[in-house]
Amino acid sequence: MIHIYDELCSYCGACIAVCPENIITLMDLHLVIDQPKCIDCAKCIKGCPVGALAMERNEKIYYPEYEGRGLF
Ligand code: SF4
Ligand code: SF4
């Protein structure tokens with residue numbers, strides 16, 4: 001699933017545009033992800049210009065800088 005850092009999000013919409021499942025929406029200035037439908041493709045993480053998204057697996061959070069180390 002995707003972890004959202006609300007305090008970093010600038011509501012630019014970049015992640016919404018790149019999500020192939022169209023499961024990211026903005027509601028009342030809060031990013032909402034329909035997590036059960038997420039396919040863990042990480043496109044939203046790579047597309048976020050401010051690092052407000054991260055991959056969460058087994059209650060551990062993997063930051064974007066871990067990309068390339070086998071987590072994606
Ligand atoms: S990981 Fe992929 S499917 Fe899941 S919210 Fe991000 S872009 Fe959408
Ligand atoms: S791309 Fe990042 S900053 Fe933009 S809406 Fe998504 S989470 Fe927020």
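The model is predicted: local features need pLDDT of at least 70, side-chain atom pairs count only at pLDDT 80 or more, and totals for chains, interfaces and linings use all residues. Residues are numbered from 1 along each chain as its sequence is written, while chains are lettered from A and ligands numbered from 1 in the order in which they are written.

**Sheet**

**Strand pairs**

- S1 and strand S4 (residues 53-57) run antiparallel and are joined by 3 bridges; isoleucine 2 has methionine 55 in S4 as its bridge partner.
- S4 also pairs with S5 in the antiparallel sense, over 3 bridges, and there methionine 55 has tyrosine 62 in S5 as its bridge partner.
- The hairpin of S4 and S5 has 2 residues between the strands, and asparagine 58 takes a positive phi near 50° in this hairpin.

**Ligand surroundings**

- Around ligand 1 there are 13 residues (C-beta atom, placed from the backbone, within 6 Å), of which Cys19, Cys38, Cys41, Lys43 and Cys44 come nearest.
- The shell around ligand 1 holds 10 nonpolar, no polar and 3 charged residues (Ala, Val, Leu, Ile, Met, Phe, Trp, Tyr, Cys and Pro count as nonpolar, Asp, Glu, Lys and Arg as charged, the others, Gly among them, as polar).
- Ligand 2 has 13 residues around it, with Cys9, Cys12, Ala14, Cys15 and Cys48 coming nearest.
- The shell of ligand 2 divides into 10 nonpolar, 3 polar and no charged residues.

Conventions:
Two strands pair if DSSP finds at least two bridges between them. Helices (H or I, at least four residues) and strands (E, at least two) are DSSP runs, numbered from the N terminus.
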